[in-house]
Amino acid sequence: MTDRSSRIEGFYKLPIAERVRIVKDFAGLTDDEAKALTGASVDPTIADRMVENAVGSFPLPLGIATNFRINGKDYLIPMAIEEPSVVAAASNAAKMARDKGGFRTSSTAPIMIGQIQVTGVKDPTTVQNRILEKKADLLSLANNQDPMLVKLGGGARDVEVRTIETREGPNVIVHILVDVRDAMGANAVNTMAEATAPLIEEISGGKVYLRILSNLAVHRLARAQAVWSKEAIGGPEVVEGVMQAYLFAEADPFRCATHNKGVMNGVDAVILATGNDTRAIEAGAHSYAARTGTYKPLTTFGRTQEGDLMGTIELPMAVGLVGGATKVHPTARACVKLLGVKSAQELGEIVASVGLAQNFAALRALATVGIQKGHMTLHAKNIVMSVGCPPELVDEVVKIIVAEKKIRMDRAQEVIAELKRKRGMR
Ligand code: MEV
């Protein structure tokens with residue numbers, strides 16, 4: 001399996017059917033799995049089981065990012081996203097990273113936090129100590145809720161207690177740390193938080209309100225790094241440009257928000273394609289970015305001794321392979337099979353690599369030609385199609401309005417009418 005190459009020259013020029021064939025061969029997908037990739041909408045009976053009041057499904061484009069080499073293994077990466085240029089940018093960034101070996105990754109154990117809020121506490125320090133004295137009881141109560149998770153090597157591992165000051169007095173906040181293995185973990189953690197709350201209430205003498213997982217998953221981090229050689233990315237001035245772009249984000253929250261948005265373009269697209277929870281990942285990423293009290297980039301960039309560019313990323317990564325949409329959504333299942341991941345940690349590390357690649361690609365474009373050039377053709381194509389252009393004229397109309405720099409609906413309509421007239425089309 002490791003000798004499969006994701007470096008597929010001219011993938012973007014192939015017809016969709018040919019791309020599907022390549023992807024199918026790459027991952028050994030069945031006919032049904034390949035069909036699920038090509039945009040089959042969710043069966044209404046599945047949709048009805050996933051959400052309330054279902055009326056249908058909402059398909060998004062699914063693109064495949066090529067060229068990714070992560071820890072010496074090649075991956076084709078499914079990305080579900082409505083925005084043009086993202087898949088191309090990730091593929092391009094991954095291609096440029098290959099001569100230095102691609103991405104190297106690591107991650108922490110899949111530990112999630114369940115929070116239990118204790119209010120009405122007179123002496124928080126004494127209560128904190130009392131709760132910690134009962135740690136073993138709390139852990140065993142938590143683990144009784146999920147024998148399956150414990151059997152799989154996971155389970156509640158530790159209890160932490162903090163005191164916070166609210167506007168109406170102190171709260172003691174209990175954190176149950178749970179190794180959720182290959183699950184996203186919300187169900188397991190919430191069940192444990194609810195189950196331990198009565199004992200916590202009894203020990204503390206306070207009143208418990210919230211019992212819920214925290215999306216600021218600081219104990220469940222995915223990391224990736226890559227080196228882009230100056231030769232591969234267009235010379236020392238490009239290294240300098242990306243560095244300046246990074247320093248801007250590091251120093252300015254207005255820029256940093258957009259910098260991190262670029263990271264999340266890549267992250268969310270893989271999260272969505274694999275049926276994971278984009279909101280959980282977004283909440284985790286941005287709160288992690290602000291954990292010092294100042295909002296900071298999720299990535300870092302630096303210059304190596306040779307003058308190449310080194311990029312790193314670290315972010316919370318609450319992803320699962322078992323349960324939820326990942327297991328029931330046919331396209332998500334096919335995407336997971338395409339990735340060939342064996343654990344949620346491996347998936348998280350891939351997601352981190354894509355986030356880093358996406359960010360690098362955006363900074364490189366922004367610091368050189370600007371972002372609009374790359375966007376132009378796809379944007380023009382969207383405009384042309386939105387005004388009902390006959391398929392056989394689309395490429396020609398796009399070419400004309402891009403060359404004229406008039407990427408507007410009214411101009412697209414004029415050009416379509418002119419071409420139709422010339423060709424005697426109705
Ligand atoms: C657009 O979706 C993302 C960018 O704005 C990211 C960035 O500015 O770094 C291009």
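1. Helix H11 is largely enclosed by the rest of the structure, because 15 of its 21 residues are buried. Buried here denotes a relative accessible area under 20%. The model is a predicted one, and the remarks below should be read accordingly.

2. The length of H11 agrees with expectation: at 1.5 Å a residue, its 21 residues should span 30 Å, and the C-alpha atoms at its ends lie 29 Å apart. After H11 comes Gly 275, which has a positive phi, near 75°.

3. Which residues surround the ligand? They are Glu 83, Arg 255, Thr 258, His 259, Lys 261, Gly 262, Asn 265, Ala 362, Leu 366 and Ile 371. By class, this shell divides into 3 nonpolar, 4 polar and 3 charged residues.

4. For Arg 255, a polar side-chain atom is 2.7 Å from a ligand oxygen. In the case of Lys 261, an N or O atom of the side chain also lies 2.7 Å from an oxygen atom of the ligand. For Asn 265, the distance from a polar side-chain atom to a ligand oxygen is 2.9 Å. On its own the ligand has 300 Å² of accessible area, of which the protein covers 85%.

5. Two elements give two or more residues to the shell around the ligand, namely helix H11 (253-273) and helix H15 (344-367). H11 makes the greatest contribution, with 6 residues. The helix that gives the most to the shell is thus also one that is largely enclosed, with 15 of 21 residues buried.

6. A separate point concerns Ser 204, which belongs to helix H8 (residues 186-204). Is this residue buried or exposed? Ser 204 has a relative accessible area of 7%, which is under the 20% limit, and so counts as buried. A polar atom of its side chain lies 2.8 Å from the backbone oxygen of Ile 200. The backbone oxygen of Glu 201 is likewise 3.2 Å from a polar side-chain atom of Ser 204.

7. For the chain as a whole, the secondary structure amounts to 18 helices and 10 strands. There are 426 residues, and 48% of them count as buried. The C-alpha trace spans about 85 × 55 × 45 Å along its principal axes.

Definitions and conventions. Residues are numbered from 1 along each chain as its sequence is written. This is a predicted model: local features need pLDDT of at least 70, side-chain atom pairs count only at pLDDT 80 or more; totals for chains, interfaces and linings use all residues. Side-chain values use heavy atoms; hydrogens and water are left out. A residue is near a molecule or strand if one of its heavy atoms lies within 4 Å of it. A polar contact is a pair of N or O atoms within 3.5 Å; within protein, one must be able to donate a hydrogen and the other to accept it, and residues adjacent in sequence count only if both atoms are side-chain atoms. Accessible areas come from the Shrake-Rupley method with a 1.4 Å probe; for residues, only the protein chains shown count as cover. Helices (H or I, at least four residues) and strands (E, at least two) are DSSP runs, numbered from the N terminus. Ala, Val, Leu, Ile, Met, Phe, Trp, Tyr, Cys and Pro count as nonpolar, Asp, Glu, Lys and Arg as charged, and the others, Gly among them, as polar. The expected span of a helix is 1.5 Å times one less than its number of residues. Buried means under 20% relative accessible area, exposed over 50%, partly exposed in between (1.4 Å probe, protein chains only).
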